[in-house]
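Please look over the model shown below, and follow its strands, its helices and the contact between its chains in that order.

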Amino acid sequence: MYKIILASRYLLKRHITYFAILAVALCVFIVVVVMTVMTGLVNDFKDKNHSFAGDCVVGTESLVGFPYYEDFMSSLAGADFVEAVSPAIKSYALLTVRRRDLNVGVEIVGIDPIAHSRVTGFAETLYYRKGDASKAFVPGYDPNLLGCVLGIDLAMERDSRSEYPYEASPAEIAFSISCFPLTAKGALAKAGAGLVNTQTFYYSDASHSGLARVDDSTVYLPFEQAQLLCGMAGPVKRISAIHIKFKPDVKLQDGCDKAASLWQNFKRQTAGREQADLLDTVTVQSWKDHRRAFIAAMEKEQTMLIVMFGFVGITTVFIVFVVFYMIISHKTKDIGILKSVGASNADIVELFSGFASLVGFLGACIGLLGGWVFLLKINQIEKWLFEHFQFQLWDRTIFAIGDIPNRVDAGVLLAITASAIAACLLGALVPTWQAAASRPVETLRAAQL
Amino acid sequence: MSGDEFILESEGIYKSYRMGATEVRVLKGVDLAVKRGEFVAIVGASGSGKSTLLHILGALDKPDKGIVRFQGRNLSMQSAGELNRYRNKRVGFIFQFYHLLDELNVLENICLPAMASKSVLAWLACRRWAKGRAGQLLAELGLLERANHKPYQLSGGERQRVAIGRALMNEPKLLLADEPTGNLDSATGNGILEVFEKLNKAGQTIIMVTHDERVARRAGRIITLADGRIRNPA
């Protein structure tokens, strides 16, 4: 009981303890705010990538594509773990704006918008007809024209608040899209005959996926048109990828394993058929692996932040160590007195460890509260700073970020609190151990000097 | 020499300290026996090893050589836990500089030995008894009005009486007092000695270290420590 009383009295009476609490609180505050924002950004980015790719992608990086996709899609459709599938054509093309001297290299994605929306979040990315993919390629100004969906950053510019100018319907703009069709062997299909396939499309909608690389370089085209443009619509039709959505109760890895197994069976059955060698370039990947190149960069930044905050944590441990060293060196008399009335070394360790835990807990609570309040208001604060000082954490004309993520994760808070207490215990470990090991006679004698 | 009548015995106690490169031999074979209910004063010049001997008798320090027996049990054979219990239950210390905990009030300081030997739950179970015992001691020592005061609010004499109360809290068989009046004026010191005499009359065994012959004369027996040995052995 005396340990609880003494630990709390040391805390209240020794003003230097407040510095340790403040150090812990500041550290916790910084970690909570930065980790919440960073984790929010990473999770948001992952969600967008998941939404963009679906659960699993069976595809090839080769611009030639792979054949017999309809057969494999039939197998997938009959599988109990598959909810929906969507074939896609992917290639590169030159986008030319008619009547303007403007050419830009783009990535073209040929899809069936309804099928693709069953697998991915495509319908939700549409700017003018959000949630309704059925008319994605039907220009509102003339339904008879062949439409295309532009990545939103190709179609319009964001303002400094990351908002796009509001327009009720897309303007009537015609684009020429030209690409090099390839044969099944990878040769130019139109060698000696102009080389390129060109088709005119009309701006029917914009897609805002929230992924900067996608939104500023992708043009969605009707599946059949894209297949023709890329030279994949021959007697043996080809595509670039099949996007798969698993049933809700199917775990990602299990679903991918089953899809990979189905693919291997399919490959065996197809072996020997015309162009079957193209199937060797196909991989079965979860959305995480498919988008690894993009996600890894964010995760690396997150890891670097965690390492940096590890150093902040070490600094806190050192501050706590110094404070406890000072406190305990002033409390040698108390240690001698306690031992003279029968306190054991373990009791002394418990006393000062309890004191350290109290410092950690209080510091963590103050830091968490401050961090939580700050996060609650972070977007208002940023808005105010922008209105008064033109300061933004991220330049919204460059970064595809809307509001700053501020959803606090209870698990993260718990982990930070536990880490703060552990840091305090670690900082207090050496002085506490020294105090416990001290001989009562020496401490009492020192107190008499 | 060992027998039921002796509460504490020491045989051939040696103790030396290292001060820089030189070794200072403080105790050079101290033999001592204290009977139950005795009031013994150990006198000697400053640096003669009186306090060192008292600390060894109270298991606050260990001798380099020699044996200390309390009620026939050899302290050097006891574990750290048993020695903690010995300091908590069997002996009570009174120091020249009182050594009260500044963060605790008078009542809490007196209750400290009772709290030290109990877990939180055990303490909560016996709290009423402990507070009753502490209140009784406060009344006997004339400190009832000071129960909620902090040590810095008390006079030297009052602080020493609190230290006596703390030493008596667990009803120890032996009181060890190290220059208990050394930091007090003669009138206040006299009051402390009267408390000791009263306790001794009630059967309390007391060993008191002092350099003051007049203080020592208040004890039932005087032992003189000189040159690391007892000059008038028991």
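Phe70(B) has Arg73(B), a residue of β5(B), as its bridge partner, where strands are DSSP runs of E with at least two residues and helices are DSSP runs of H or I with at least four, both numbered from the N terminus. Two bridges link β4 (residues 65-70) of chain B with β5(B), and these strands run antiparallel; strands count as paired if DSSP finds at least two bridges between them.

The model is predicted: local features need pLDDT of at least 70 and side-chain atom pairs count only at pLDDT 80 or more, whereas totals for chains, interfaces and linings use all residues. Residues are numbered from 1 along each chain as its sequence is written, while chains are lettered from A and ligands numbered from 1 in the order in which they are written.

Elsewhere in chain B, helix α5 (residues 156-168) is mostly covered, with 11 of its 13 residues buried, that is, with 20 or more other C-beta atoms within 10 Å of their own, C-beta atoms being placed from the backbone (exposed means 12 or fewer, partly exposed in between). Among the buried residues are Val162(B), Ile164(B) and Leu168(B), but also Glu158(B) and Arg161(B). The buried residues of α5(B) pack against β6 (91-94), α3 (106-116), α4 (120-140), β7 (174-178) and α6 (186-201) of chain B.

Turning to the contact between the chains, 22 residues of chain A are in contact with 24 residues of chain B, contact meaning that C-beta atoms, placed from the backbone, lie within 7 Å. On the side of chain A that touches chain B, α1 (2-13), α12 (332-340) and α16 (440-448) of chain A each supply at least two residues, and α1(A) gives the most, with seven residues.

Chain A itself has 16 helices and 11 strands, and its C-alpha trace spans about 105 × 60 × 35 Å along its principal axes.

Notes: Contact = placed C-beta atoms within 7 Å.
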